[in-house]
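Subject: Structure handover

Hello,

Please find the structure below, followed by notes on what was found in it.

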Amino acid sequence: MGEGISDYTKFCVDLRRHMWMAGVETELRRLIWQIAVTGKYISAKIHESNRKLAGFKNIFGEEQLALDKSSDAILKNQLQFSGFVREYASEEQDQIVQIGTGAEKYFVTADPLDGSSLVDTNLAIGTIIGIHNGAMYGKGRDTMVAALYITYGPLITMVYSAGKGTHEFVLNREGEYVLSQENIRLKEKGDIYSLGGLRKDWTPEHLRFVEYLEDEGYKLRYSGGFVPDINQVLIKNGGIFTYPALKKSPHGKLRLLFELLPMAFLMEQAGGEATDGKQAILDISVEDIGQRCPIYIGSRFEVGKAREFLEEVQT
Ligand code: AFP
């Protein structure tokens, strides 16, 4: 599809036109556009944020910043009237919420504001969205039809895939998302690594994998924000992000439904891989909205290497 957009017109391909040219079906195009527009409202909220704790705890027992709650409310209200969304599940909601009549096609998952604990440091944070056709329970590979994330950093960027490649857009001064990178492709092997969890809590096999990367001269890039950390691997076209199983938390920290499935969908569409160490993230059955699992995601070489080191203990 990229050959259809000559360089001098590429800067004016906005999100709607791109999805139309890519053949994304109408309702899905409108839903993705609706969510992208909501990112502008969330960004406005971040810029007026009062950074006070909302005094609430989400189902994971984490303090919720006012921003988490308000970002979730903005998203839910926007989707409620989209006409395409039957159910909404969010990291900030205790359970799945029916927000349509029940006849709508899509089920949307959201981490409305991932990395909110970084707001006071002015580091980049993000919104992560998964769009499923039909039921949410099951394997992502069978249910997911699209995924996107919005990064609130020096620029507001949006990366989406509807199953026809992974593409990046930048929000310009006119408030339009314009194409910046089409069909992002990861190299077989990268040179950056992003490591979650504390070294003292890593398993011996994970530590051996990290030591391998260090010996190979990989550069450490870790902000503590899943969205910018993943975005760095994608936009630098290679490398690996991992938040592993820890000695006391064998399932790691990150949530399968809200964080890992959307990123795995985007990364696979860009020629990368995402695994929990044993199986592809998109092949893991979702049994509970709070399900967590370890993640190794990025270039095929590094993800394959991680599996090798982790299998050593499994044999
Ligand atoms: P917050 O949303 O509480 O800031 O957590 C962010 C996050 O879920 C994810 O964005 C990061 O990859 C991960 O936590 C960082 O975890 P550590 O603080 O343990 O490194």
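Helix α3 passes helix α4 in a right-handed crossing; a crossing is right-handed if the near helix is turned clockwise from the far one by less than a right angle, and left-handed if anticlockwise. Helices here are DSSP runs of H or I with at least four residues, and strands are E runs of at least two, both numbered from the N terminus. This is a predicted model, in which local features need pLDDT of at least 70 and side-chain atom pairs count only at pLDDT 80 or more, while totals for chains, interfaces and linings use all residues. Residues are numbered from 1 along each chain as its sequence is written, and side-chain values use heavy atoms, with hydrogens and water left out.

The axes of α3 (residues 26-47) and α4 (residues 66-80) are 10 Å apart, and the two helices pack at an angle of about 150°. α3 is therefore roughly antiparallel to α4 (under 35 degrees counts as roughly parallel, over 145 as roughly antiparallel, 65 to 115 as roughly perpendicular, the rest as oblique). Axes are lines fitted to C-alpha atoms, for helices over the stretch in contact, with angles from 0 to 180 degrees between N-to-C directions.

From α3, Leu31, Gln34, Ile35, Thr38, Tyr41, Ile42, Lys45 and Ile46 meet Leu67, Ser70, Ser71, Ile74, Leu75, Gln78 and Leu79 of α4, contact meaning heavy atoms within 4.5 Å. By class, this contact has nine nonpolar, five polar and one charged residues. Ala, Val, Leu, Ile, Met, Phe, Trp, Tyr, Cys and Pro count as nonpolar, Asp, Glu, Lys and Arg as charged, and the others, Gly among them, as polar.

Buried residues of α4 include Leu67, Asp68, Ser70, Ile74 and Lys76 (buried is under 20% relative accessible area, exposed over 50%, partly exposed in between; 1.4 Å probe, protein chains only).

Arg29 is also in α3. Neighbours within four places in sequence aside, Arg29 is in contact with Arg16, Met19, Trp20 and Val24. Its C-alpha atom is separated by 24 Å from that of Gly138, 109 residues apart along the chain.

Thr143, in helix α5 (residues 140-143), is buried at a relative accessible area of 9%. Not counting residues up to four places away in sequence, Thr143 touches Ile131, His132, Asn133, Ala135 and Met136. Thr166 lies in the loop between β9 (156-161) and β10 (167-171) and is buried at 0%. With neighbours within four places in sequence left aside, the contacts of Thr166 include Val159, Tyr160, Gln181, Leu234 and Ala270.

Regards
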